[in-house]
Amino acid sequence: MTPSDRQALRVDFTVTVDSAIPDPDRVELLLSFAADQLQLSGEIGIWLCNDDEIADLHWRFMNISGATDVITFASDDATHGGYLGDIAVSVDTAVVQADEAGHSLEREVAYLCLHGLLHLAGYDDLDAEARRQMIERQEDLLSEFEHQHPGKW
């Protein structure tokens with residue numbers, strides 16, 4: 001499907017977030033903004049978990065031991081406007097990364113959710129160049145969002 005086909009079929013973007021997510025309305029606004037920029041439509045689910053829970057997912061679905069910050073599960077039936085998939089974010093890891101980056105936990109969680117959305121949009125980070133492109137796009141989307149929707153994380 002070409003980008004112009006996706007735009008012609010565009011429907012609303014829906015985010016279902018775990019009730020524990022910091023500032024869920026702002027995260028939903030960010031992801032809706034990014035989905036519009038990426039010409040995505042459909043629904044996603046976001047689950048906030050701890051390191052043990054994400055390590056279990058990491059092992060069961062990727063055969064990789066240990067915790068990670070975010071894992072994305074694309075839907076097998078991601079028809080246009082359908083369910084795109086799920087994003088799992090480890091709050092334990094997000095706390096550490098937020099501290100290292102010098103910003104709030106809320107911003108780190110939003111950043112990781114955006115990273116997961118980019119995976120659902122087809123971006124990958126398996127090699128250095130793909131990761132560079134993905135992170136660059138992620139930073140651009142977050143920066144533009146923060147410019148258009150100033151607010152506190």
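Phe 73 has a relative accessibility of 24%, so this residue counts as partly exposed. The term belongs to a scale in which buried means under 20% relative accessible area, exposed over 50%, and partly exposed in between, computed with a 1.4 Å probe on protein chains only. The structure is a predicted model, in which local features need pLDDT of at least 70 and side-chain atom pairs count only at pLDDT 80 or more, while totals for chains, interfaces and linings use all residues. Residues are numbered from 1 along each chain as its sequence is written, and side-chain values use heavy atoms, with hydrogens and water left out.

Phe 73 also takes part in an aromatic pair. A search of the whole structure finds two such pairs. Rings of Phe, Tyr and Trp (its six-membered ring) pair if their centres lie within 6.5 Å; planes under 30 degrees apart count as stacked, over 60 as edge-to-face and the rest as tilted. The ring centres of Phe 61 and Phe 73 are 5.1 Å apart and the planes stand at 75°, so this pair is edge-to-face. Because Phe 61 lies in helix α3 (residues 51-62) and Phe 73 in strand β3 (residues 70-74), the pair ties together parts that are twelve residues apart in sequence.

The overall layout comes next. The protein chain has six helices and four strands. Helices (H or I, at least four residues) and strands (E, at least two) are DSSP runs, numbered from the N terminus. Read from the N terminus on, the elements follow the order α-β-α-β-α-β-β-α-α-α. Of the 153 residues in the protein chain, 38% are buried. Contact means heavy atoms within 4.5 Å. Among contacts between residues at least 6 apart in sequence, 65% join residues at least 24 apart.

Now to the strands. Two strands pair if DSSP finds at least two bridges between them. Strand β2 (residues 42-49) and strand β4 (residues 83-90) pair in the parallel sense over seven bridges. In this pairing, Gly 45 stands opposite Asp 86 in β4, and Trp 47 has Ala 88 of β4 as its bridge partner. β4 also pairs with β3, in the antiparallel sense and over five bridges; there, Gly 85 in β4 is the bridge partner of Ala 74. Since six of the eight residues of β2 are buried, this strand is largely enclosed by the rest of the structure. β4 is mostly covered, with six of its eight residues buried.

In the loop between α2 (24-38) and β2 lies Gln 39. Its phi is positive, about 55°, although Gln 39 is not a glycine. Gln 39 counts as partly exposed because its relative accessibility is 21%. Asn 63 lies in the loop between α3 and β3, and its phi is near 55°, a positive value in a residue other than glycine. With a relative accessibility of 55%, Asn 63 counts as exposed.

The next topic is helix packing. Two packed helices are described by the angle between their axes and the distance between the axes. Helix α4 (residues 91-101) and α5 pack at an angle of about 115°, with their axes 9 Å apart. Here axes are lines fitted to C-alpha atoms, for helices over the stretch in contact, and angles run from 0 to 180 degrees between N-to-C directions. The contact is made by Val 91, Ala 94, Val 95, Gln 97 and Ala 98 of α4 together with Leu 105, Glu 108, Val 109 and Leu 112 of α5.

Val 109 is found in helix α5 (residues 105-120). Its relative accessible area is 0%, so Val 109 is buried. The C-alpha atoms of Val 109 and Ala 94 are separated by 6.3 Å, though these residues are 15 residues apart along the chain.

Leu 118 is also found in α5. Leu 118 counts as buried because its relative accessibility is 0%. Not counting residues up to four places away in sequence, Leu 118 touches Leu 38, Tyr 123, Met 134, Arg 137, Gln 138 and Leu 141. From C-alpha to C-alpha, Leu 118 and Thr 72 are 9.4 Å apart in space and 46 residues apart in sequence.

In helix α4 is Thr 93, which is buried with a relative accessible area of 14%. Leaving aside neighbours within four places in sequence, Thr 93 is in contact with Asp 51, Ala 67, Thr 68 and Asp 69.
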